[in-house]
Structure formats: C-alpha cells, structure tokens
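Please examine the sequence and the structure shown below. The report that comes after them concerns side-chain contacts and the surface.

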Amino acid sequence: MKIHPALSIPAVQLGLGVLGLMLGKLVLSAPESGMSFWIGACIAALPQGVFGWWVFRARGARNAKRIANNLFVGEGLKLVLTALFFAAVWSTADWLVAGAIVGGFISAVVLGQVATAIVSGAQR
C-alpha cells in the first residue's frame, strides 16, 4: 500500500522525534531531554498529519474548490491542535525540558518543510 504524500511528512517528522529520543537516552544519557525532544516533534507532527488528512480527503480536479475550502479548515485545525498540545504539555509535565521541547518542535517543522519540497519534487 502506497502512503499518501501528505501523510509521509508527519512520518518523517515522527522519525526525527524518535531519533532525538534515542540520541538523548542512549548517547547523551539525558532521558528527560530525549523524551522532551520527542514530545516536541510529536506536537509538530500530529497536527500536520491531521492537516494532511483533512485537506486531501477529496482528490481530483473536480474537487478543487472542496480541497481549497478544506485547506482553510485544515490549517485552523492544525493551529488549534498545536496550541492544545503545547498547553497540555506545559500544564501537566513539570519534569520535561522546555528547550528540548521547543527544539524538537522547531526541528520537526523545519524538516517538514524540507521533506515537503523533496516529496513535491518526487511527484513531478
């Protein structure tokens, strides 16, 4: 089964999070930092996955208007989910490392942009 390109981006972002988790736990002996990095990457990847699924539920040229409308709703969902995830993390987990969370989030967002360019180029 071939994965939809819109859902491959969150998969790459989650892979980065797992890499950061392993690096923090195994190499740096800092499990809190590794877990924090992974959580930050998840905060970026999960809303991105919802966005990709929401926008591209409809396919084809006949659904162009529907896809455009889904784009706005999907972006709103992504922003709300990101804010809710950050709020949940900041309010419940005192042991996490704030810098690692933000680093994981920013790294996953940047990697998502790079991966989007790569996946777009591969689709042409």
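The model is predicted, so local features need pLDDT of at least 70 and side-chain atom pairs count only at pLDDT 80 or more, while totals for chains, interfaces and linings use all residues. Residues are numbered from 1 along each chain as its sequence is written, and side-chain values use heavy atoms, with hydrogens and water left out.

**Aromatic pairs**

A pair of aromatic rings is described by the distance of the centres and the angle of the planes. Rings of Phe, Tyr and Trp (for Trp, the six-membered ring) pair if their centres lie within 6.5 Å; planes under 30 degrees apart count as stacked, over 60 as edge-to-face and the rest as tilted. Searching the whole structure gives three aromatic pairs.

F86 belongs to helix 3 (residues 64-92) and F105 to helix 4 (residues 98-123), so their pair ties together parts 19 residues apart in sequence. Helices are DSSP runs (H or I, at least four residues), numbered from the N terminus. Together with W90, F86 and F105 form one aromatic cluster.

Accessibility is described by relative accessible area: buried means under 20%, exposed over 50%, and partly exposed in between (1.4 Å probe, protein chains only). Both F86 and F105 are buried. W53 is partly exposed at 48%, and W54 is also partly exposed, at 22%.

**Charged contacts**

Side chains of opposite charge can pair when their charged atoms come close. A salt bridge is a side-chain nitrogen of Lys or Arg within 4 Å of a carboxyl oxygen of Asp or Glu. The whole structure contains one salt bridge by this search. It joins the side chains of E75 and K78 (3.8 Å, N to O). These residues are three apart in helix 3, so about one helical turn separates E75 from K78. E75 is partly exposed at 31% relative accessibility, whereas K78 counts as buried at 19%.

**Surface patch**

A nonpolar patch on the surface is formed by V18, L19, M22, L23, L26, V27 and L28, with about 700 Å² of accessible area together. Such patches are made of residues with over 30% relative accessible area and no salt bridge; like charges are joined within 9 Å, and nonpolar side chains (Val, Leu, Ile, Met, Phe, Trp, Tyr) within 5 Å. Accessible areas come from the Shrake-Rupley method with a 1.4 Å probe; for residues, only the protein chains shown count as cover. L19 lies in helix 1 (residues 5-27) and is exposed, with a relative accessible area of 52%.

Methods
Helices (H or I, at least four residues) and strands (E, at least two) are DSSP runs, numbered from the N terminus.
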